[in-house]
Amino acid sequence: MFRIISLVLGYAFGNILTACIVTKKFNGSSPFEIGSGNPGMANVMAQCGFGPGICVLIGDLIKTLIPCLLCRFVIFPGEYGLLACMYAGLGVVMGHNFPIWHRFQGGKGVSTSCAAMFCIHPLWGIAAMLVGMFIVFGTKYLSIGAAFIPVAFIPVAWYMAGAEGGIAYIVLSLMMLFAHRKDFTRIRRGEEERIDVPALIKKKFFSK
């Protein structure tokens, strides 16, 4: 029963697409109507500016932290807490990627996946994010780095919660691959834009 409750609670929070709230506030539009049409931080930041993008990121982190921490420490403390947290995180990503109110067409779940991993184990969650970051630096493709983040966390989930935890993160990794399927198709065709993230950071924060 704790699995169903955690999934449903996470899914309900995941349906709150922060990007929709932020873009409506800043320019009166929907994230589905601007740029790439993705209701995530990167698209909002590219189309609306740095501040709105950060607001989306913060909102996505909060909507993940609340159900994950509630399930782990309040609703199911003790024996089932860790697995409940994993299922809640999986539910948030499912709700973000497949929101029921938008015909199951949502985001890609990168920020929510990262936040869920952080709730399970902060140190190893950050390590998985660093794996993704260095892959982005090496390949210059954001989607490849994003896809590797949950994959890198599978051994950690398996070690901490057994086969059930590992399978949960295999499912999450498959969802991440599915969310980026169009990007991978463009990469194969040589049509995907390559992004030099370190150069962009240097230009944004260190150029006069």
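In this predicted model, the number of disulfides comes to zero. A disulfide is a covalent bond between the sulfur atoms of two cysteines, and the criterion applied here requires the two sulfur atoms to lie within 2.5 Å. Cys55 does not meet that criterion, because its closest cysteine sulfur, in Cys48, is 11 Å away, too far for a bond.

The largest nonpolar core has 28 residues. Within this core, the residues that touch the most other members are Met86, Met117, Ile120, Phe153 and Tyr169. The elements that contribute two or more residues to the core are H4, helix H5 (81-97), helix H6 (110-120) and helix H8 (142-179). Tyr169 illustrates the packing: beyond residues up to four places away in sequence, Tyr169 touches Met86, Ala116, Met117, Ile120, Pro150, Phe153, Ile154 and Ala157.

Helix H4 spans residues 50-75 and includes Thr64. Thr64 has a relative accessible area of 0% and is buried. A polar atom of the Thr64 side chain lies 2.8 Å from the backbone oxygen of Asp60. With neighbours within four places in sequence set aside, the contacts of Thr64 are Val92, Thr112, Ala115 and Ala116. Ala116 is also among the residues touched by Tyr169.

Helix H7 covers residues 122-139, 18 residues in all. The distance from its first C-alpha to its last is 26 Å, close to the 26 Å expected at 1.5 Å a residue. Its buried residues are Gly125, Ala128, Gly132, Ile135 and Val136. Viewed down the axis of H7, these buried residues fall within an arc of 105 degrees, so they line one face of the helix. On the face of H7 turned away from the buried side are the exposed residues Leu123, Phe134 and Gly138. Just after H7, Lys140 adopts a positive phi of about 65 degrees.

Notes: Residues are numbered from 1 along each chain as its sequence is written. This is a predicted model: local features need pLDDT of at least 70, side-chain atom pairs count only at pLDDT 80 or more; totals for chains, interfaces and linings use all residues. Side-chain values use heavy atoms; hydrogens and water are left out. Helices (H or I, at least four residues) and strands (E, at least two) are DSSP runs, numbered from the N terminus. Buried means under 20% relative accessible area, exposed over 50%, partly exposed in between (1.4 Å probe, protein chains only). A polar contact is a pair of N or O atoms within 3.5 Å; within protein, one must be able to donate a hydrogen and the other to accept it, and residues adjacent in sequence count only if both atoms are side-chain atoms. Contact means heavy atoms within 4.5 Å. The expected span of a helix is 1.5 Å times one less than its number of residues. The arc is that of the directions from the helix axis to the C-beta atoms. A nonpolar core is a set of buried Ala, Val, Leu, Ile, Met, Phe, Trp, Tyr and Cys residues joined through side-chain atoms within 4.5 Å.
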